[in-house]
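Have a look at the fold below and let's work out how its pieces get their labels. We'll go through it by question and answer.

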Amino acid sequence: MTEQTHRDKGAVVITGTSSGIGHAAALLLDRAGYRVFAGVRKTQDVEQLRGEGSGRFCPLLLDITSQQHIDAASTFVAERLGPEEGLRGLVNNAGICEPGPIEFIGMDRLRSQMDTNFIGHVAVIQAFMPLIRKGQGRIINVGSGLGDFSFPLLGAYAASKCALAAMSDALRRELRWWRIPVSLVIAGTVESPLWDKTPASRDSLPDVQVKDKDRLYEEMAGAVNDLMQQGRRAAVQPEVVAEVIKKALEARRPKARYRRGPGSRMADLGSRLPERFTDWVIERVLRKQLPGKLVGW
């Protein structure tokens with residue numbers, strides 16, 4: 001037998017592997033002996049991933065907002081595995097962040113947020129469930145502390161992660177009948193290119209209209225952006241969360257929820273405190289970022 005045969009731990013599909021947590025998890029599981037199908041949204045990302053892993057490693061074009069992509073990917077994986085083999089695991093990690101005030105965020109951006117961070121994951125789960133059942137595998141969804149505790153200008157993202165958490169709970173209770181585990185990995189502040197793509201600055205809020213000379217959310221956006229950059233300095237590397245994904249995949253009795261990264265447990269605590277108190281704390285923290293007052297607060 002070759003070493004590859006000795007180390008073969010089964011097949012895993014991971015979405016959103018071009019960077020960040022998904023990329024780290026895909027390479028970690030590949031090194032651990034899994035046959036990883038690494039889903040990415042763009043053709044150039046598929047080409048970039050080629051050669052990063054072992055001979056088992058298989059980049060896969062998979063935009064989870066496209067049913068055509070999902071159907072093609074599930075068919076491809078099934079053909080590669082053959083009639084007798086299923087999946088050891090499905091890791092739903094793909095995600096985006098659409099910042100902006102609820103008052104002004106465009107419906108197209110809001111739908112894109114929910115499609116990518118929630119509805120797309122449900123579509124992927126439905127498509128790959130036959131392979132999960134065949135392989136007696138498990139499902140791991142990657143959430144966020146913001147799913148527990150919403151923050152100004154990140155409401156759309158928080159809503160999508162809250163929906164993902166609620167879906168994970170329901171799915172876990174439904175699939176318990178067949179002993180198919182479902183875990184939610186709740187990430188706190190993690191170093192990722194997502195930080196560069198979604199600063200909560202004024203320039204990233206294209207839907208905000210100039211209603212008056214004060215530009216309504218300009219000061220708040222600057223304060224939130226400053227806090228995000230401060231939080232980034234304390235961020236853990238994506239490999240830390242990748243290790244938790246591996247733990248959830250391999251645990252004999254996986255937990256319903258795993259938390260990693262600064263802010264994850266704090267968000268859980270914040271969700272348990274009186275709303276009046278947490279609202280006051282957020283206001284005070286944001287005010288400290290500004291020389292003046294927050295308009296309308």
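Q: What is the handedness of the crossing of α2 and α9?
A: The crossing of α2 and α9 is right-handed. Keep in mind that this is a predicted model.

Q: Which residues of α2 meet α9?
A: On the α2 side you'll find G20, I21, A24, A25, L28 and L29. Their partners in α9 are P238, E239, V241, A242, E243, I245, K246 and L249. Sorted by class, this contact has 10 nonpolar, one polar and three charged residues.

Q: What makes α4 roughly parallel to α5?
A: The axes of helix α4 (residues 67-81) and helix α5 (residues 107-135) cross at roughly 25° and come within 10 Å. The cut-off for roughly parallel is under 35 degrees, so α4 is roughly parallel to α5. As for handedness, α4 passes α5 in a right-handed crossing.

Q: Which residues make up the contact of α4 with α5?
A: From α4 come Q67, I70, A73, S74, V77, A78 and L81, and they meet G120, A123, V124, A127, F128 and L131 in α5. These divide into 10 nonpolar, three polar and no charged residues.

Q: What makes β3 and β7 edge strands?
A: The open sheet has seven strands in the order β3-β2-β1-β4-β5-β6-β7, with parallel pairing. β3 (58-61) and β7 (257-260) each pair on one side only, and that puts them at the edges. On average, neighbouring strands of this sheet are turned by 20° against each other, direction ignored.

Q: How do you know that β2 and β3 pair?
A: Pairing takes at least two bridges. Strand β2 (residues 35-40) and β3 have four bridges, in the parallel sense, so they count as paired. For one of the residues involved, V40, the bridge partner in β3 is L61.

Q: Which strands does α2 lie across?
A: Helix α2 lies across β1 (11-14), β2, β5 (138-144) and β6 (182-187). Against β1, α2 runs at about 170°.

Notes. Residues are numbered from 1 along each chain as its sequence is written. This is a predicted model: local features need pLDDT of at least 70, side-chain atom pairs count only at pLDDT 80 or more; totals for chains, interfaces and linings use all residues. Side-chain values use heavy atoms; hydrogens and water are left out. Axes are lines fitted to C-alpha atoms, for helices over the stretch in contact, and angles run from 0 to 180 degrees between N-to-C directions. Helices (H or I, at least four residues) and strands (E, at least two) are DSSP runs, numbered from the N terminus. Angles under 35 degrees count as roughly parallel, over 145 as roughly antiparallel, 65 to 115 as roughly perpendicular and the rest as oblique. A crossing is left-handed if the near helix is turned anticlockwise from the far one by less than a right angle, and right-handed if clockwise. Contact means heavy atoms within 4.5 Å. Ala, Val, Leu, Ile, Met, Phe, Trp, Tyr, Cys and Pro count as nonpolar, Asp, Glu, Lys and Arg as charged, and the others, Gly among them, as polar.
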